[in-house]
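Opened the notebook on this one today. I'm jotting down what I looked up, in the order I looked.

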Amino acid sequence: MNYQHLEYQNTLDFARDLDRQDALHHFRDQFYIPSVNNKDSIYLCGNSLGLQPKTARIAAEQEFWDWQNLGVEGHFHGTNPWVHYHEYLQEKEARVVGAQPDEVVVMNNLTTNLHLMLVSFYRPTPFRYKIITEAGAFPSDQYALETQVRYHGLDTDEAIIELAPRPGEHTLHTEDILAAIREHADELALIMMGGINYYTGQVFDMAAITRAGHEAGAQVGFDLAHAAGNILLNLHDWDVDFAVWCTYKYLNSGPGGVGGTFVHARHAHASGIPRFGGWWGHNKEERFQMRKGFKPMPGAAGWQLSNASIFPMAIHKASLDIFDAATMPALRAKSEKLTGYLEYLINHLGATQEILEIITPADPAWRGCQLSLLVHQNGRQVFEKLTQAGVILDWREPNVIRVAPTPLYNTFEDVFCFAEILRQSLAVKD
Ligand SMILES: *Cc1c(COP(=O)(O)O)cnc(C)c1O
């Protein structure tokens with residue numbers, strides 16, 4: 001079935017029909033759904049914290065048992081020997097982001113990994129020192145860029161170019177991004193932006209931006225916090241230099257869970273590239289010889305610093321198994337249909353643009369599952385009403401509600417019920 005031409009209907013029966021036809025519907029049973037007022041909530045907040053897979057606790061418990069029974073021997077003789085732990089994740093992680101297995105590694109947290117990547121990929125010279133990024137990037141990304149620029153003794157106003165939407169618009173035009181890259185080509189060291197903007201939900205054209213960045217002689221990296229596990233990514237083929245992401249949003253791997261990092265094979269096998277090193281990134285054969293002289297192992301794994309954080313990685317491993325079973329192409333196909341239905345229902349609420357506006361791009365190619373709703377009147381009260389009615393979503397100042405139905409555990413019925421509650425909430429003035 002071609003979902004793009006699907007005729008949606010504004011009824012609960014229709015929503016339930018779509019759930020019955022949905023080949024991924026059973027994956028919902030693999031998650032714990034938080035309850036509000038003793039019934040399942042309508043959880044539309046997977047863009048902030050994904051839900052707990054039922055297998056997460058079992059996976060962590062295995063490591064508790066091995067630690068309990070084996071102590072230090074767990075490193076080599078555990079059920080999943082800890083010394084190799086990052087390797088268990090590489091193939092499945094690579095499938096999520098469109099990479100070769102040795103181009104990815106799971107380690108640390110997102111912002112830490114972003115700094116490690118900037119050490120390697122932002123190496124300003126007197127002539128090439130500028131960074132292009134999106135205006136209104138997630139604060140951690142802004143702070144990372146700002147402090148890296150200062151660390152190199154440069155002026156942030158001079159070095160950081162923030163691309164803002166045209167007046168009166170909410171999202172960026174690809175042609176404007178590419179024009180800015182060409183305009184600053186001679187001084188450009190780096191392009192670093194979100195793969196999806198966390199606030200508007202806009203997907204950026206990573207392939208075109210990377211191509212233009214390379215033509216300008218710059219390195220190109222993306223923060224995929226809102227993209228990994230949400231949209232189809234092809235980091236290797238797009239020729240992206242580096243990328244970082246977290247695993248606790250769409251990848252459902254628990255609060256503060258481990259981060260993911262991609263380094264393109266071009267760089268990952270060039271051992272001369274500057275980096276901050278640690279023993280876990282050192283040549284594996286020699287790691288325990290404790291000798292002087294850092295020799296990075298090939299691939300993204302050569303950026304590891306410390307021995308693996310087994311517990312969050314065990315949870316992530318359990319979560320990746322679910323993604324592998326569902327597959328990203330199938331998840332994305334359902335996601336477009338689910339978010340398309342959400343958009344259809346919102347457009348049929350009878351709310352004018354003066355009351356409610358979707359600021360996320362209308363073209364499914366340029367958005368993931370999230371729609372950002374700009375509520376022009378009584379936004380905070382509308383949000384409170386939704387919350388009281390058992391909908392879990394998130395509020396971003398000054399007046400945006402982000403709604404993210406995820407294809408693994410959300411249903412068409414969830415989306416239908418949300419829209420009904422939104423209709424009632426909008427009717428409330430004070
Ligand atoms: C969620 C998010 C982060 C969070 O960073 P942590 O290091 O995991 O705390 C950073 N950047 C973006 C774009 C995000 O969406």
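Predicted model: local features only at pLDDT ≥ 70, side-chain atom pairs only at ≥ 80, totals over all residues.

**Salt bridges.** I searched the whole structure and got 21 salt bridges, counting a side-chain nitrogen of Lys or Arg within 4 Å of a carboxyl oxygen of Asp or Glu. Helices here are DSSP runs of H or I with at least four residues, strands are runs of E with at least two, and both are numbered from the N terminus.

**Ground rules.** Residues are numbered from 1 along each chain as its sequence is written, and side-chain values use heavy atoms, with hydrogens and water left out.

**Domains.** I have domain 1 as 12-30 + 328-426 and domain 2 as 60-324; the bounds come from an automatic or database domain assignment. Their C-alpha centres are 29 Å apart. Domain 1 puts 27 residues into the contact and domain 2 puts in 22, with contact meaning heavy atoms within 4.5 Å.

How much area is buried between domain 1 and domain 2? I get about 2000 Å², with 63% of it from carbon and sulfur atoms; this is the accessible area (1.4 Å probe) that the two parts lose on being put together, summed over both. On the domain 1 side, Met 328, Ile 359 and Trp 366 supply 31% of the area buried against domain 2, more than any other three residues.

I then checked the polar side of the interface. Between the domains I count zero salt bridges, but seven residue pairs are in polar contact, both residues at pLDDT 80 or more. A polar contact is a pair of N or O atoms within 3.5 Å; within protein, one must be able to donate a hydrogen and the other to accept it, and residues adjacent in sequence count only if both atoms are side-chain atoms.

Helix H13 (328-347), strand S12 (371-375) and strand S15 (400-403) are the elements giving two or more residues to the domain 1 face. H13 has the largest share, four residues.

**Ligand.** Within 4 Å by heavy atoms, I find Leu 110, Thr 111, Phe 138, Asp 141, Asp 223, Ala 225, His 226, Tyr 248 and Lys 249 around the ligand. A ligand nitrogen is 2.8 Å from a side-chain N or O atom of Asp 141, and for Asp 223 I read 3.0 Å from a ligand nitrogen. Lys 249 has a polar side-chain atom 2.5 Å from a ligand oxygen.

I looked at the peptide bond from Glu 397 to Pro 398 and it is cis, omega near 0 degrees. Pro 398 sits in the loop between strand S14 (394-396) and S15. Asn 37 is not a glycine, yet has a positive phi of about 50 degrees. I place Asn 37 in the loop between strand S1 (35-36) and strand S2 (39-40).
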